[in-house]
Amino acid sequence: QVQLVESGGGLVQPGGSLRLSCAASGIIFRLHVMDWYRQAPGKQRELVATITQGGNTDYADSVKGRFTISRDNAKNTVSLQMNSLKPEDTAVYYCHVVSSFLRQKTDNWGQGTQVTVSS
């Protein structure tokens, strides 16, 4: 059973920083692409950042240059360093991984962590 547990959200002023972490279990972590998504009130969930098994990264245009995704395969964790935060970054942030079993692919999500950017 795949489990993803996020931590690190909170309230921060515009221009501030937060670091989110996600602890994964139930998968061979180093073999999986990991993502961070976010969902703001009244909006669709959107992909924020992706990191491949080899450490290649990709970002939504809205966060490029401000957010950094990283992974620690020894600790089975993926992190999202968020700098220069803006009010529009306010959302629930979710860790995500696609697992496979007998050719069946499953989207797995954490419980989410709230990030609020406000003065």
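## A buried cysteine and the sheet around it

Let's start with C22: this residue is buried, with a relative accessible area of 0%. Keep in mind that we're looking at a predicted model. What does C22 bond to? A disulfide joins C22 to C95, with an S to S distance of 2.2 Å. A search through the whole structure turns up one disulfide. C22 sits in strand β3 and C95 in strand β9 (residues 91-101), so the bond ties together parts that lie 73 residues apart in sequence. As for handedness, the torsion about the S-S bond of C22 and C95 is about -85°, so this disulfide is left-handed.

Which strands make it up, and in what order? Four strands line up as β1-β3-β8-β7 in an open sheet, and the pairing is antiparallel. At the edges are β1 (3-7) and β7 (67-72), each of which pairs on one side only. Going from one strand to the next, the twist averages 15°.

In general, the strands of a sheet pair through backbone hydrogen bonds, either parallel or antiparallel. Strand β3 covers residues 18-25 and runs antiparallel to strand β8, residues 77-82, with six bridges joining the two. What stands opposite L20? That would be L80 in β8.

Key:
Residues are numbered from 1 along each chain as its sequence is written. This is a predicted model: local features need pLDDT of at least 70, side-chain atom pairs count only at pLDDT 80 or more; totals for chains, interfaces and linings use all residues. Side-chain values use heavy atoms; hydrogens and water are left out. Two strands pair if DSSP finds at least two bridges between them. Axes are lines fitted to C-alpha atoms, for helices over the stretch in contact, and angles run from 0 to 180 degrees between N-to-C directions. A disulfide is a pair of cysteine sulfur atoms within 2.5 Å. Buried means under 20% relative accessible area, exposed over 50%, partly exposed in between (1.4 Å probe, protein chains only).
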